[in-house]
Amino acid sequence: MDRWTGKVAIVTGASSGIGAAIAKDLVKAGMVVVGLARRVERVEALKSDLPDSIRSQLHAVKCDISKEEDILQTFKWVEEKLGGVDVLINNAGVARQMYLLEKGNTQKLREVMDTNVMGLVMCSREAYQSMKNRSVDGHIVHINSVAGHKVVDFPQLNIYSASKYAVTAITETMKNELRNAGTKIKVTSISPGGVRTEILPEAFKTGEFPLLEPEDISNAVLYVLGTPPRVQIHELMIKPVGENF
């Protein structure tokens, strides 16, 4: 991680769970971190978990990544205040409890796709432009899901798997575009199994299923970022021991 000391990382969905763990660990690793969230006060509260000497390296910024205007304003702020972004962690994601074919579910369907797919793409686009304009060999990491590789038969998982399958395809597309553009920018998809977070579907909260902790995914982010410039971890799947799907 030495190459990233003092560099700027943006973490979406940093208010809780995986995003909060990643934001704190990147600060501890020496990065300047911009934690994005709709509940920005929760990102501010993360500073209390950090040593006094590095708390100022965490910046809390209110941003709803389902809204393009929020994304553009945020990346402009990062450019003006911090010089640009070197690492982007696309962690923000939502799940809505419903059935895919349920009557009147259009708004919930759009919320999932706008955040999990469009928000991820737009943040990646703006991060890429920042990296390209400054000739930075940056790194974009998507927090995907095992549901992006296999459709699991859980009630009311609805369009969530489709949104994560899209992330799998987007990772492939970005890899091709970054290579064809002649850049050394890396893109990585990290696909966890069940993780103990607020987004966890109700079906997983019975105690019947083994779960990962947010820190397990944050450790994986540190691993992929810490690889030498010649190494690109394209896909990293992480499952809890005993997971049966």
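Which elements each supply at least two residues of the lining of the largest pocket?

1. The elements are α1 (17-28), β2 (32-37) and α5 (160-180). Of these, α1 gives the largest share, three residues. Helices (H or I, at least four residues) and strands (E, at least two) are DSSP runs numbered from the N terminus.

2. The model is predicted: local features need pLDDT of at least 70 and side-chain atom pairs count only at pLDDT 80 or more, while totals for chains, interfaces and linings use all residues. Residues are numbered from 1 along each chain as its sequence is written, and side-chain values use heavy atoms, with hydrogens and water left out.

3. The largest pocket has a volume of about 960 Å³. It is lined by 45 residues, of which Gly93, Val94, Ala95, Thr197 and Ile199 are the closest to its centre. A pocket here is an open set of points on a 1 Å grid over the protein atoms alone, where a 1.4 Å probe fits, with protein on both sides within 12 Å along at least five of seven lines; lining residues have an atom within 4 Å of a point. Points are joined across faces, edges and corners, and the volume is the space filled by probe spheres set on them.

4. By class, the lining of the largest pocket holds 22 nonpolar, 15 polar and eight charged residues. Nonpolar covers Ala, Val, Leu, Ile, Met, Phe, Trp, Tyr, Cys and Pro; charged covers Asp, Glu, Lys and Arg; the others, Gly among them, are polar.

5. The second largest pocket holds about 220 Å³ of space. Its lining includes Val121, Arg125, Ile170 and Glu177. Both α4 (106-133) and α5 give two or more residues to this lining, and α5 gives the most, with five. The lining divides into six nonpolar, two polar and two charged residues.

6. There are zero disulfides (pairs of cysteine sulfur atoms within 2.5 Å) in the whole structure. The sulfur of Cys123 is 6.1 Å from the closest cysteine sulfur, in Cys63, which is too far for a bond. Cys63 is buried (under 20% relative accessible area, with a 1.4 Å probe and protein chains only), at 4%. Cys123 is also buried, at 1%.

7. Two residues deserve a look at the backbone. Ser135, in the loop between α4 and β5 (139-143), has a positive phi of about 55 degrees although it is not a glycine. Ser135 is exposed (over 50%), with 68% relative accessibility. Gln156, in the loop between β5 and α5, has a positive phi of about 65 degrees and is not a glycine either. Most residues other than glycine have a negative phi.
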